[in-house]
Amino acid sequence: MTMSQTSFLTEIIGGNGTISKGKLAYFRERQRNRLYDFIVSRFLEKERSEKFSKADLARRLNKEPAQITRWLSTPGNWTLDTISDLMLAVCGGELEFKVAPFVNIKQRNSNSLEILRVQNTPASPTTKPTMILKILKHANT
Amino acid sequence: MSIKEILEILKERCDEKVIFPIDPSLSGDPIIRTLFVSAEINTMLQDNAEGEVWSEVRAIMDTFVSGGLISVGHKATSRMAFLKPKKNESVWEIRATKPKPGIRILGQFIEKDLFVALVWGYRKDLKNYNSIAWKRIIRNCKVEWRKLFEPYEPLMGETYNDYVSNIFLN
């Protein structure tokens with residue numbers, strides 16, 4: 001399932017033609033997931049550090065608790081208004097914008113298959129794959 | 001069987017091209033978790049790379065691999081769910097809900113953050129969780145696991161955190 005970075009991004013970086021539905025869908029979902037990660041991770045931090053609850057969030061935004069639960073469980077139905085509301089109530093601010101051009105994307109040094117090189121690592125029988133991956137990443141740097 | 005042995009089996013299955021690793025599509029994204037897919041799912045991802053539904057599936061898989069926050073639970077909106085936890089069947093689903101028709105990918109964990117996606121179905125065909133179709137796809141998932149990894153058993157955890165890091169619990 002490994003594909004070259006060039007082929008995956010060709011229609012975005014290279015040309016002025018129509019971008020395929022698949023690529024549009026991929027990046028829509030990617031952006032939803034990135035925003036979800038950004039905002040909900042901050043909610044979790046606030047929950048831990050300030051005992052800020054879903055009920056507090058609902059009260060601040062004058063929403064039903066069930067609505068807050070839906071928002072926090074998935075970014076699937078978030079709108080720009082949702083993002084603005086959550087940024088205000090959770091982060092106490094707003095998003096800043098900059099473009100991260102794909103032409104400048106860095107290359108990864110490792111891939112998932114490297115965990116299978118376990119026989120070449122000093123891992124013990126109880127070593128977790130994630131630990132093995134970290135060992136390998138460290139070895140690559 | 002130790003984790004070292006199961007990883008050797010994983011490598012063999014990759015060499016046989018019956019499972020395939022998923023690396024994030026964008027090379028700038030890190031690999032934090034590990035995901036393998038069955039040959040059937042790999043074919044669907046490749047053959048439908050220009051379509052919306054499977055592109056969303058791919059984006060969700062990339063989010064999983066690159067360590068993104070994953071919503072987990074039994075609400076319909078959760079991204080991942082642990083099916084029938086009381087029965088300790090250890091079968092999980094990944095939910096791709098947008099655009100329609102939604103897709104459900106079922107698989108099992110080898111270790112925490114090391115998932116193998118084995119079978120899939122359209123949500124509309126699976127109907128509710130008590131349907132024959134759901135029971136069949138769960139059974140198929142376990143059959144596929146046994147074909148690939150027996151005698152190694154999938155991870156049997158007690159909580160969501162035993163399976164996945166960086167989760168938002170619904």
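**Before you start.** Residues are numbered from 1 along each chain as its sequence is written, and chains are lettered from A and ligands numbered from 1 in the order in which they are written. Because the model is predicted, local features need pLDDT of at least 70 and side-chain atom pairs count only at pLDDT 80 or more, while totals for chains, interfaces and linings use all residues; side-chain values use heavy atoms, with hydrogens and water left out.

**Stop 1: the interface.** Show chains A and B together. Here 55 residues of chain A are in contact with 52 residues of chain B (contact means heavy atoms within 4.5 Å). The two chains bury about 4,500 Å² between them, 59% of it on carbon and sulfur atoms. Buried area is the accessible area, taken with a 1.4 Å probe, that two parts lose on being put together, summed over both.

Now select A:Arg30 and B:Asp29. They form a salt bridge, with the closest N and O atoms 2.6 Å apart. The term needs a side-chain nitrogen of Lys or Arg within 4 Å of a carboxyl oxygen of Asp or Glu. The rule finds three salt bridges across this interface.

**Stop 2: a strand in chain B.** Select residues 91–96 of chain B, strand β5. Six of its six residues are buried, so the strand is largely enclosed by the rest of the structure. Buried means under 20% relative accessible area (1.4 Å probe, protein chains only). On one side you will find B:Val91, B:Glu93 and B:Arg95, and on the other B:Trp92, B:Ile94 and B:Ala96.

Five bridges join β5(B) to β6(B), and the two run antiparallel. B:Ala96 has B:Ile103 as its bridge partner. A hairpin of six residues links the strands.

**Stop 3: a helix in chain A.** Finish with residues 54–61 of chain A, helix α3. Its buried residues are A:Asp56, A:Leu57, A:Ala58 and A:Leu61. Their cover includes α2, α4 and α5 (80–91) of chain A. After α3(A) comes A:Asn62, with a positive phi near 55 degrees.

Conventions:
Buried means under 20% relative accessible area, exposed over 50%, partly exposed in between (1.4 Å probe, protein chains only). Helices (H or I, at least four residues) and strands (E, at least two) are DSSP runs, numbered from the N terminus. Two strands pair if DSSP finds at least two bridges between them.
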